[in-house]
Amino acid sequence: MYTIICVGKLKEKYLKEAEGEYLKRLTRLTKVNIVEVCDEKIDESASYNEIEIIKIKEGKNILKHIKQGSYIITLVINGVHLSSYEFSKEIKSLNNNGISNVVFIIGGSLGLSDEIINLSNFKLSLSKMTFPHQMARIILLEQIYRSYKIIKNEPYHK
């Protein structure tokens, strides 16, 4: 089972549709649960300290949804870059090692607090590019789906 904890909600219709499509595709392959936590309001002129306080608040909301013994993967810019094939090998390895509760964490527009990042068992980067956190959720769902298609040696519907 996978839980994706996200700071913020999907607002755009096209993103909600994409999320729904990948969740539907994944139902025959694995269970994925999406947990949305509130993003904190921030003033555009916020200081570094104010930004850190907001990330800490968001982190505390994230912590409420992490079960003891979860394998935690944070999505961070400076994380490990994996190809889709390498990512599928990681997913398969987790499955083969009996790790059944995997939690992916996607921060808000400010990123994740150090506390959450330090809880990581694995730090993953989707790209050297920066994506909106709502888009990162869709990319992650697509990559989980693609991983299962690779693992099962099934063709990927394009």
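Modeller: First, a term: buried means under 20% relative accessible area, exposed over 50%, and partly exposed in between, with a 1.4 Å probe and protein chains only. This is a predicted model, where local features need pLDDT of at least 70, side-chain atom pairs count only at pLDDT 80 or more, and totals for chains, interfaces and linings use all residues. Residues are numbered from 1 along each chain as its sequence is written, and side-chain values use heavy atoms, without hydrogens and water.

Biologist: How far apart are the end C-alpha atoms of helix 3?

Modeller: Helices are DSSP runs of H or I, at least four residues, and strands are runs of E, at least two, numbered from the N terminus. The expected span is 1.5 Å times one less than the number of residues. Helix 3 (residues 84–96) has 13 residues, so it should span 18 Å, and its end C-alpha atoms agree: they are 18 Å apart.

Biologist: Which residues are buried in helix 3?

Modeller: An α-helix has 3.6 residues a turn, so residues three or four places apart point the same way. On the other side of helix 3, Tyr85 and Asn96 are exposed. The buried ones are Phe87, Ser88, Ile91 and Leu94.

Biologist: Within what arc do the buried residues of helix 3 fall?

Modeller: The arc is taken from directions that run from the helix axis to the C-beta atoms. The buried residues line one face of helix 3, because seen down its axis they fall within an arc of 120°.
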